[in-house]
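Hi everyone, thanks for coming. Let me put the structure up on the screen, and then we can walk through it together.

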Amino acid sequence: MAFQKAVKGTILVGGGALASVLGLSQFAHYRRKQVNLAYVQAAECVSEPVNREPPSREAQLLSLQNTAEFDILVIGGGATGCGCALDAVTRGLKTALVERDDFSSGTSSRSTKLIHGGVRYLQKAIMKLDIEQYRMVKEALHERANLLEIAPHLSAPLPIMLPVYKWWQLPYYWVGIKLYDLVAGSNCLKSSYVLSKSRALEHFPMLQKDKLVGAIVYYDGQHNDARMNLAIALTAARYGAATANYMEVVSLLKKTDPHTGKERVSGARCKDVLTGQEFDVRAKCVINATGPFTDTVRKMDDKNAAAICQPSAGVHIVMPGYYSPESMGLLDPATSDGRVIFFLPWQKMTIAGTTDTPTDITHHPIPSEEDINFILNEVRNYLSCDVEVRRGDVLAAWSGIRPLVTDPKSADTQSISRNHVVDISESGLITIAGGKWTTYRSMAEDTINAAIKTHNLKAGPSRTVGLFLQGGKDWSPTLYIRLVQDYGLESEVKYGIKEYACTAVDMISRRTRLAFLNVQAAEEALPRIVELMGRELNWDDYKKEEELETARKFLYYEMGYKSRSEQLTDRSEISLLPSDIDRYKKRFHKFDADQKGFITIVDVQRVLESINVQMDENTLHEILNEVDLNKNGQVELNEFLQLMSAIQKGRVSGSRLAILMKTAEENLDRRVPIPVDRSCGGL
């Protein structure tokens with residue numbers, strides 16, 4: 001069904017709201033040519049979806065409550081869980097899925113945004129003659145091709161440069177990358193190639209040029225991970241699966257098997273997180289696809305079950321788009337501590353990461369300042385000394401928990417499995433754990449195959465290879481143009497609610513990706529977003545305030561705003577030249593006309609009115625509060641000088657107060673509007 005054939009007033013934007021398409025315009029010229037990326041025979045066996053649009057959340061809850069028994073109940077709404085639901089429902093199985101938070105609220109939205117086979121895994125496979133790693137790469141490359149084919153609106157090939165600084169490394173890396181192409185076979189996106197030093201700098205001008213001898217460019221895929229996860233969930237819902245976010249599993253249901261006398265898992269007691277209502281969802285088979293929380297569900301089944309998840313934290317940062325070319329990424333194959341760092345263009349910004357450190361399991365992982373600085377230092381090593389890599393240019397940062405697992409059936413229970421693990425407990429609970437984003441579909445296929453065999457379900461083979469995800473069919477690279485012309489934020493929010501967005505956090509982080517791209521911009525947009533959502537969802541004033549507070553807390557801790565704000569504190573030093581101090585004092589006193597030693601909202605409003613500029617009082621309060629370090633309701637001269645010193649050192653950028661005061665000073669005579677944006681840093 002061609003979802004871009006929308007009617008006015010309703011955005012059916014090919015399975016993604018406006019933001020998911022706008023950022024992909026940059027990928028248009030990388031569309032694949034003359035490459036058969038997927039086998040579509042399986043998809044042709046699948047009947048048309050039963051729903052033209054995904055049913056409402058209310059309708060899905062009724063289905064969960066009123067269905068006597070499902071064939072499959074999936075716990076977990078990440079990529080793998082939603083993949084399991086889609087695989088099951090397209091085989092004709094009566095399918096349900098519940099997620100305690102939002103779809104893709106965990107690890108699946110916090111990836112490196114790559115769809116890849118794993119160059120480093122292939123290297124290990126060859127060096128160690130490891131057939132398991134080789135098969136994993138082979139499978140991932142097939143899945144990469146399939147995902148690019150079934151979701152062209154959310155993914156595209158991306159060239160990635162591997163800079164070479166030693167002559168002997170050039171043939172070494174070239175052979176490795178060519179083997180990567182060879183393993184991909186007919187699924188190779190585009191053949192890799194070698195660049196001379198001059199050509200490498202032409203493609204990536206900000207690259208460190210000293211000792212550079214050349215570069216190798218290869219191709220992998222890139223996607224909008226949270227939107228992709230949501231597209232899988234929406235596709236499952238359209239094919240008839242009862243899917244619901246904000247449904248927490250309180251306990252597992254069990255019944256005695258009359259043939260064996262043993263207890264078998266027969267469903268789950270579920271709680272609507274938004275209303276508190278509880279009810280039972282019964283199913284012949286329950287699948288545990290909860291990522292880092294795998295062991296929590298396993299222990300619901302058997303309190304003595306051994307832990308198999310060994311969580312690892314991966315931190316990423318987002319920087320302005322000018323840090324990387326718009327159309328090429330960078331791979332650092334050997335960082336100072338042996339990790340691999342990617343430096344990639346994404347949604348017109350630059351994403352860098354990731355780290356890999358042991359962590360505790362939590363619903364709210366927080367990026368540490370240590371990890372942020374590690375990534376910044378590695379980026380500095382690869383960029384030209386002409387490019388000042390500033391801490392203040394980190395627009396957002398996040399941490400995702402990678403659920404590494406040990407195979408409970410393996411003799412060596414301490415060994416981390418490189419691939420995914422499907423485990424079946426004595427009571428019939430099926431757990432799928434490990435793996436990677438790219439292979440979610442094959443993981444789901446293996447899981448449903450195990451479910452069918454274990455529980456004697458009647459279903460045929462998997463039909464998800466070549467099956468278009470919501471919005472993929474009949475999509476075109478120019479569709480975003482019409483969307484830009486016809487729709488804006490208000491429609492974006494309304495459509496996000498149709499896609500099961502229940503909170504402001506859902507909207508800023510997973511229906512749009514604003515929180516992941518610019519945490520300050522996300523905070524500025526929050527009041528308007530909450531207002532629009534409140535209108536659609538009938539929120540009262542108390543609920544609106546609660547949503548604002550929760551979203552701000554999310555931005556502060558989980559999206560790096562805390563680390564960003566801590567770059568300017570009441571203990572920050574003032575390291576300015578005397579001439580700079582005099583210049584900034586003069587600027588400050590244009591607002592502090594009474595020579596009080598501090599400025600307030602009233603002072604700023606007076607200056608703005610003198611040049612015929614109006615600004616909302618709440619916005620002014622937020623702007624001053626960013627610099628009011630001792631939180632006494634005013635900005636003192638010393639605080640202003642601390643701000644300007646932090647800007648000069650690169651620890652802070654995009655200060656709205658600095659920009660406003662500088663622009664006001666320049667325009668007191670010219671009387672032109674003041675742009676309050678986040679560029680230049682306010683110097």
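This is a predicted model: local features need pLDDT of at least 70, side-chain atom pairs count only at pLDDT 80 or more; totals for chains, interfaces and linings use all residues.

Let's begin with a pair of strands. Strand E8, residues 247-256, pairs with strand E9, residues 263-272, in the antiparallel sense, and nine bridges hold that pairing in the model.

How confident is the predictor, going by the mean pLDDT of the protein? The mean is 86, and 89% of the residues reach 70 or more. Over residues 1-42, though, the pLDDT is below 50, even though this stretch has 130 contacts in the model beyond near neighbours in sequence. At the other end, pLDDT stays under 50 over residues 679-683, and there the model has 17 contacts beyond four places in sequence.

Now the overall picture. The protein has 683 residues, of which 58% count as buried. Its secondary structure comes to 24 helices and 20 strands. Taking contacts between residues at least 6 apart in sequence, 75% of them join residues at least 24 apart.

Next, strand E1, residues 70-75. How many of the six residues of E1 are buried? Six of the six, so this strand is mostly covered, as buried here means under 20% relative accessible area.

On to cysteines, which I know some of you will ask about. Is cysteine 385 buried or exposed? Cysteine 385 counts as exposed because its relative accessibility is 68%, and the cut-off for exposed is over 50%. Cysteine 502 is buried, with a relative accessible area of 12%.

Serine 384 sits in the loop between helix H11, residues 369-382, and strand E16, residues 396-405. Serine 384 counts as buried because its relative accessibility is 5%. What is serine 384 in contact with, leaving aside neighbours within four places in sequence? The answer is Met206, Leu207, Gln208 and Lys209.

Now for some backbone details. Most residues other than glycine have a negative phi, and most peptide bonds are trans. With that in mind, go to the peptide bond from glycine 353 to threonine 354, which is cis, with omega near 20°. Threonine 354 lies in the loop between strand E14, residues 349-353, and strand E15, residues 357-358.

Two asparagines are worth a stop here. Asparagine 456 has a positive phi, near 55°. You will find asparagine 456 in the loop between helix H12, residues 440-455, and helix H13, residues 479-486, and it is exposed, with a relative accessible area of 66%. Asparagine 612 has a positive phi near 60°. Its place is the loop between helix H21, residues 601-610, and H22, and asparagine 612 is exposed, at 64% relative accessible area.

Let me finish with a pocket. The second largest pocket holds about 790 Å³ of space. Which residues lie nearest its centre? Of the 28 residues lining this pocket, those are Tyr561, Ser565, Asn625, Glu626 and Lys631. Four helices each supply at least two lining residues: H17 (519-537), H18 (541-557), H19 (561-565) and H22 (617-625). H18 gives the largest share of the lining, four residues.

That's my tour, and I'm happy to go back to any part of it.

Key:
Residues are numbered from 1 along each chain as its sequence is written. Side-chain values use heavy atoms; hydrogens and water are left out. pLDDT is the predictor's confidence in each residue, from 0 to 100. Contact means heavy atoms within 4.5 Å. Buried means under 20% relative accessible area, exposed over 50%, partly exposed in between (1.4 Å probe, protein chains only). Two strands pair if DSSP finds at least two bridges between them. On a 1 Å grid over the protein atoms alone, a cavity is a set of points where a 1.4 Å probe fits but cannot get out, and a pocket is an open set with protein on both sides within 12 Å along at least five of seven lines; lining residues have an atom within 4 Å of a point. Grid points are joined across faces, edges and corners, and a volume is the space filled by probe spheres set on the points.
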